[in-house]
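I'd like to walk you through one structure today, so please have a look at it while I talk.

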Amino acid sequence: MDYSQYTRLIPSENSLNVILKNTHFKDDLLDEIKTVTVQIDFNHEAPIISVAFQEPFYDFEEILRKGDYSGDRGIWLKSDNLVIKLMLADSVFGDKISSRSFTFNAEESKKLKAVLHE
């Protein structure tokens, strides 16, 4: 699986930020009333983040490659419960950002840390 042309993964101190490009994703996709799920699939060589929206057209997956999270890019892995934050800038008002955070339980977090730090 290649890197997505519609998203960017940017680690921060508290989360792995998944930037959704507003040229592909519609503005209200992250509204609280919308159903959004984020899961990690460990059944592959590398873990895969699966994001599902109320409108399946926007669903996507991102592979988490171990080498991508070394050094400063691995800072988000220091939390006890890892967080994936989806972020989308409004296409009209560039300074308006919508976001939704998804916190993984201790077991999933520990497993992901082990895989990415091997």
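Let me start with charges: the count comes to 4 salt bridges, where a salt bridge is a side-chain nitrogen of Lys or Arg within 4 Å of a carboxyl oxygen of Asp or Glu. Before I go on, a word on the source: this is a predicted model, in which local features need pLDDT of at least 70 and side-chain atom pairs count only at pLDDT 80 or more, while totals for chains, interfaces and linings use all residues. Residues are numbered from 1 along each chain as its sequence is written, and side-chain values use heavy atoms, with hydrogens and water left out.

Back to the charges, then. Lys26 forms a salt bridge with Asp28, the closest N and O atoms being 3.7 Å apart. For accessibility, I call a residue buried under 20% relative accessible area, exposed over 50%, and partly exposed in between, with a 1.4 Å probe and protein chains only. Asp28 is partly exposed at 29%, and Lys26 is partly exposed at 27%.

Lys26 also forms a salt bridge with Glu55, and here the closest N and O atoms are 2.5 Å apart. That pair links distant parts of the chain: Glu55 is in the loop between S4 and strand S5 (60-63), Lys26 is in the loop between S2 and S3, and they are 29 residues apart. Those element names are DSSP runs numbered from the N terminus, with at least four residues for helices (H or I) and at least two for strands (E). Glu55 is partly exposed as well, with a relative accessible area of 28%.

Next comes Glu32, which forms a salt bridge with Arg100, with 3.9 Å between the closest N and O atoms. Glu32 lies in the loop between S2 and S3 and Arg100 in strand S7, so this pair ties together parts that are 68 residues apart in sequence. Are these two partners buried or exposed? Glu32 is exposed at 63%, whereas Arg100 counts as buried at 12%.

Now for the rings. A search of the whole structure finds 6 aromatic pairs; rings of Phe, Tyr and Trp (its six-membered ring) pair if their centres lie within 6.5 Å, and planes under 30 degrees apart count as stacked, over 60 as edge-to-face and the rest as tilted. Phe25 and Phe53 have ring centres 6.2 Å apart and planes at 50°, so the pair is tilted. Phe25 lies in the loop between strand S2 (16-20) and strand S3 (36-41), and Phe53 in strand S4 (residues 48-53), so the pair ties together parts 28 residues apart in sequence. Phe25 is buried at 2%, and Phe53 is buried at 6%.

Phe53 has another partner: its ring centre is 6.3 Å from that of Phe60, with the planes at 35°, so this pair is tilted. Phe60 is buried too. Phe25, Phe53, Phe57, Tyr58 and Phe60 form one aromatic cluster.

Last, the sheet. An open sheet of 4 strands has the order S1-S2-S6-S7, with mixed pairing; two strands pair if DSSP finds at least two bridges between them. Strand S1 (7-11) and strand S7 (97-103) stand at the edges with a single partner strand each, so one side of each is left without a neighbour in the sheet. S1 and S2 pair in the antiparallel sense over 5 bridges, and Leu9 stands opposite Val18 in S2.
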